[in-house]
Amino acid sequence: MTLSDPKAPDLRAPGLRARAEALGHSLPPLLAEAERLAQTVTWGEHGRRRAGRGDDFWQYRAAHPGDEYRAIDWRHSARSDGAYVREKEWQAAQKITLWVDPAQSMAFSDGGRAPKSDRARLLALALAVLLLRGGEQVGLAGASHPRAGKGQMLRLIESLALDLSQADYGAPIPGFAPHGRAVFLSDFLGDLAPLEAALHTATGQGVRGLLIQVLDPAEEDFPFHGRTLFTSMAGSLSHETQSAADLRARYLARLAERKDRLADLARAAGWQFLSHHTGAPAQTALLWAYRALEAT
Amino acid sequence: MIGFASPLILLALVAVPVLWFLLRAIPPAPITRRFPGVALMLGLADENRQAARTPWWLLLLRMLAVTAAVLGFAGPVLNPSEANLSRKPLLILFDGGWAEAADWPQRLAKAASLIDAAERMGRPVAVALLTDAPGVPVFQAADQVKGRIAGLTPRPWLADMDAFAGTLPEGAFDTIWLSDGLSHDGRPVLAASLQARGEVTVLTGAAPVLALLPTTTEAGKLKVQALRFPAGEAIATVIARGPDPSGQDRELARAELTFQDGRAEALMDLPPELRNRVTRLVIDGPPSAGTLGLAGDSFKRRKIALVSDAAEGEGLQLLAPLHYLRQALAPSADLIEGAVADVVPAKPDVIVMADVATLPDTEAEALRVWVEKGGLLLRFAGPRMAAADLADDLLMPVRLRAGGLTSGGTMSWGEPKGLAAFPDSSPFRGLALPGDVTVRTQVLAEPGPELADSTLALLDDGTPLVTRAGLGAGQVVLFHVTANAEWSSLPLSGLFVQMLDRLAISAGGALEPGSLTGLTWTPKRLVDGFGGLEDAGGLAGVPGAMLERTLKAGPFAAAPAGLYQNEARVVAINAVPKDFRMAEAGWPDGVARGDLSLPQERALKGPLLALAMALMTLDILGTLAVSGRLMRVAVVLLALGFVPEARADDATDDARAIMATQGVVLAHVLTGDQTVDDTAEAGLQGLSEELMYRTAIEPLAPMGVDIEADELAFFPFLYWPVTADAATPSAAAYAKLNRYLRTGGMILFDTRDAEYGAGSPETQALQRITQGLDIPALEPIPQDHVLTRTFYLLQTFPGRFTDGTLWVEAAPPDATQAEGMPFRNLNDGVTPVVFGANDYAAAWAVDGDGLPLLPVGRGMAGDDQREYAYRFGINLIMHVLTGNYKSDQVHVPALLERLGQ
């Protein structure tokens with residue numbers, strides 16, 4: 001099942017049904033883990049700290065000419081000579097689009113750790129849990145438009161649980177809610193041109209967001225020796241070396257360069273960038289992402 | 001030109017192109033690793049670019065190595081011998097006589113190269129010496145024959161071709177005949193019968209054959225004659241050798257031989273004293289039995305004293321009692337005449353007394369003493385003796401009846417008597433009896449039981465003519481007739497001279513035909529093919545008739561050249577008989593000729609295999625270099641191999657020095673033979689324990705010493721077991737050893753062979769080793785040496801063996817025994833070296849539990865022997881540590897006296 005088929009699994013196909021059931025078993029744990037992870041993020045004040053559309057009282061202010069009469073809070077105005085308008089805190093829900101790289105490169109894992117895709121999905125779900133709780137509208141790029149509510153949660157899970165695509169490296173799907181927020185979770189090891197295009201589009205639509213690069217520690221350390229034939233996860237790229245150890249320094253330099261490039265791209269677009277690897281606890285990334293989303 | 005021993009192996013070369021594909025071996029297949037980061041690596045080239053394929057030069061190197069190995073195993077030979085393309089069995093014949101001794105090593109080398117060639121061709125080979133006892137040569141695999149070649153030696157006689165011609169092996173075979181090139185009887189016949197079996201190739205040497213003909217004496221001079229083949233002008237030196245006054249064999253005289261037409265002659269004029277000492281003549285040059293002339297008695301000129309009572313001068317000369325004797329002896333002996341009292345002090349070999357009946361007591365006594373010391377007293381009868389009463393005379397072999405017996409004279413009825421055949425035991429046996437010898441008057445012996453034993457010659461009526469009796473080391477011989485022709489015609493006959501000859505009175509000069517027959521001659525010393533002398537051992541006696549044959553035809557296997565003895569006479573049989581002639585051998589047509597030069601044949605197997613190994617080593621280095629690990633491996637090797645060792649050396653040196661100087665440490669020299677070293681160590685351990693147990697010396701554990709590397713100064717005593725293959729120390733080690741000996745160290749050399757022959761390999765090794773050492777004059781340990789009493793009183797010094805003599809520094813010649821002292825005053829007689837052969841360490845050796853390691857002797861006697869071995873060891877170490885302390889006790893009485901005790 002690929003992202004090109006965002007519909008629910010076709011249960012008529014016998015193999016798919018079994019896999020869907022297996023998926024059904026795995027989903028609650030994923031959700032539970034995402035919930036648990038979300039719990040660790042303490043809630044701060046997350047009102048917008050300005051008057052706007054919302055349910056919560058924000059402040060009274062003297063009515064100006066032009067205010068609708070029905071906007072005047074008569075109860076409060078009765079206590080004094082002037083007329084007051086009761087303002088509510090602006091609680092406009094954000095539309096947040098998540099993109100989790102579905103490419104094969106995310107399936108990489110080393111040293112018995114979980115694949116990068118697991119971490120990316122976990123972070124995405126946990127972030128979704130937090131945001132949905134906060135009343136935001138969360139959507140998954142290419143799968144569902146941002147919506148609020150618990151139902152959206154289930155839709156997100158279903159979409160995220162789909163199999164990875166056959167592509168080696170993923171490209172972000174441009175399709176944002178204007179002035180919304182976006183979170184891209186990927187290893188960003190592939191060609192950067194689609195990302196640049198997506199960011200360009202996003203900037204044009206006033207979308208800001210986060211780039212979270214999920215890497216395996218092996219990709220950071222490059223602990224390889226000897227004659228090695230490196231291939232990409234789907235096999236489209238390969239590189240042979242006589243001595244992998246000799247390559248390490250230059251690989252790390254290139255990786256650092258890639259990170260710098262990503263950070264530059266993010267800064268230029270007004271986005272924020274985090275490099276996270278699966279060896280580190282997910283909480284730190286989640287907290288950073290949540291705070292960063294709050295700030296933008 | 002190159003030939004191959006196993007050409008079939010060359011087929012393996014077909015496989016070399018296959019190797020091209022196999023050896024192209026690509027480095028190990030890469031590990032495939034799925035790794036997303038590959039996108040970042042694209043375009044990163046390897047810094048140390050490693051070839052994916054074996055570089056061509058490495059491949060070439062490997063193929064060359066394999067080719068070299070294949071070629072090497074195929075056994076290539078550069079310039080293989082041409083003649084041996086046949087595959088028939090090969091008979092290698094040597095003439096094998098003394099005439100080949102001069103170039104014998106070349107002959108053996110040639111034979112070895114022929115056998116090598118035959119081995120390559122897979123031909124069976126037989127080797128035969130024509131001088132050996134005839135037997136059918138057996139063809140064997142060449143490699144089995146090869147080992148025996150080195151042991152062949154030429155014989156001191158010449159080949160017997162006729163005998164060999166009857167014992168040729170069956171079937172067809174080729175012959176290579178290494179010949180002396182001289183003509184021998186039967187050679188053409190043998191060559192023809194060999195030709196009937198296959199090709200015959202004759203190889204002759206280039207070295208001239210020299211032959212020393214029997215030397216004769218001529219007017220007191222030695223007449224040396226020699227032959228040379230091929231005839232030509234040449235100069236050689238003949239050397240007369242014999243013992244010098246101290247008994248040492250040395251050159252006594254030399255003369256030059258100038259060959260002309262293959263013949264040379266020289267006269268050697270030597271003073272009689274010198275000439276009597278000559279034991280042999282040798283032509284200087286390559287040793288051979290043919291250039292050795294043993295002297296035997298033939299050069300001896302005896303000193304003979306003639307004594308007679310008769311007042312000569314007045315009578316007729318022909319009637320003088322001594323006239324015939326003088327005539328018979330003068331050519332071959334120095335004569336002295338005078339009274340007994342005058343001649344005895346001149347120490348003659350023989351004293352002849354003609355008709356001397358009674359002597360004054362003093363003269364009789366002097367004569368008796370002289371005879372008992374080995375003199376030969378020859379007495380003749382005469383009227384005075386017949387008249388005298390000689391019943392108690394010691395200087396008579398038999399008792400005589402008073403008065404003589406006359407027969408055939410005018411006053412008697414009987415006929416003059418003739419001679420009877422000589423008894424079997426008589427030295428005269430074999431001499432021809434002339435019919436005209438008659439005896440008219442004689443003195444008669446008193447019959448008795450011993451008379452038959454002492455009779456050397458009889459008359460035909462059975463009465464003794466010559467009698468003999470021993471007296472001390474000498475003997476007394478009596479002719480029962482007069483020395484002149486008065487009583488018999490014996491002195492007029494040739495038999496008389498021959499009889500004197502047989503009695504070793506007139507012996508000397510060349511051997512006359514017939515002078516040997518009838519006697520059995522015991523070989524004393526035998527000549528080998530190279531002209532060396534060896535003891536005949538217990539060889540059976542040789543009948544004189546056989547020796548007579550050798551005088552004409554040269555010696556043969558049953559009567560080899562050498563010295564033969566019968567009673568007092570010593571006869572020399574030399575390899576070259578008197579009538580020896582050398583002529584060039586004639587060969588039948590069709591016989592190929594050759595010389596001894598070796599073909600420049602070189603087996604290339606070794607060099608090729610070495611080349612293959614070298615190439616493979618290069619390949620290893622090359623492979624390492626290609627994979628970039630050369631430096632790493634080199635560093636690892638250096639770290640593993642050299643650094644720790646160097647460090648360890650320094651550390652152990654110091655530790656050794658500290659250990660060795662913490663107390664008395666007995667040391668043994670490491671020989672490199674593990675067994676010997678272990679035994680030496682165990683032996684010194686046992687001795688150390690006994691020293692600890694019995695004496696105040698408390699040695700530490702013994703140590704092994706490498707004389708090349710270790711410091712010797714720490715050790716008071718070195719035990720040096722000598723092995724046959726012991727390495728000769730280097731100059732530096734000699735310097736160190738000499739310093740050690742000079743500064744008071746002692747070395748006990750032990751050949752461990754119980755002096756099993758002076759030429760044992762260990763003894764030779766000992767001579768080789770000690771050549772560079774400052775060793776004083778030695779002597780077998782004297783009874784009063786301080787070593788016999790430093791702790792125990794000892795007179796025997798057994799080890800595991802008991803027979804070996806112990807040699808120590810010789811006492812100074814002026815050492816004298818003080819009055820009343822049990823031993824000489826040998827101050828400062830600390831010997832720096834002791835030579836033994838009894839395998840001392842083996843007797844001392846104990847195992848870890850202190851029990852004897854090796855058996856010594858048998859039963860209780862063995863225990864005693866071990867005990868004495870320990871006592872010797874303790875004495876030795878005491879001697880080392882206390883020096884001449886015990887010797888100094890010679891002064892104790894004087895010191896006590898001085899102290900007023």
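In this model, 30 residues of chain A are in contact with 20 residues of chain B; two residues count as in contact if their C-beta atoms, placed from the backbone, lie within 7 Å. This is a predicted model, where local features need pLDDT of at least 70 and side-chain atom pairs count only at pLDDT 80 or more, while totals for chains, interfaces and linings use all residues. Residues are numbered from 1 along each chain as its sequence is written, with chains lettered from A and ligands numbered from 1 in the order in which they are written.

Let's start on the chain A side. Strand 8 (228–231), strand 9 (238–241) and helix 7 (244–269) of chain A each give two or more residues to the side that touches chain B, and helix 7 of chain A gives the most, with seven residues. Helices (H or I, at least four residues) and strands (E, at least two) are DSSP runs, numbered from the N terminus. That side of chain A holds 11 nonpolar, 11 polar and eight charged residues. Here Ala, Val, Leu, Ile, Met, Phe, Trp, Tyr, Cys and Pro count as nonpolar, Asp, Glu, Lys and Arg as charged, and the others, Gly among them, as polar.

Now to the strand pairs, where pairing takes at least two DSSP bridges between two strands.

| Strands | Bridges | Direction |
|---|---|---|
| Strand 8 of chain A, strand 2 (31–34) of chain B | four bridges | parallel |
| Strand 4 (90–94) of chain B, strand 5 of chain B | five bridges | parallel |

Across the two chains, L229(A) faces T32(B) in strand 2 of chain B. Within chain B, I92(B) is opposite V127(B) in strand 5.

Chain B also has an open sheet of five strands in the order 5-4-6-7-29, with parallel pairing. Its edge strands, strand 5 (125–129) and strand 29 (592–595) of chain B, each pair on one side only.
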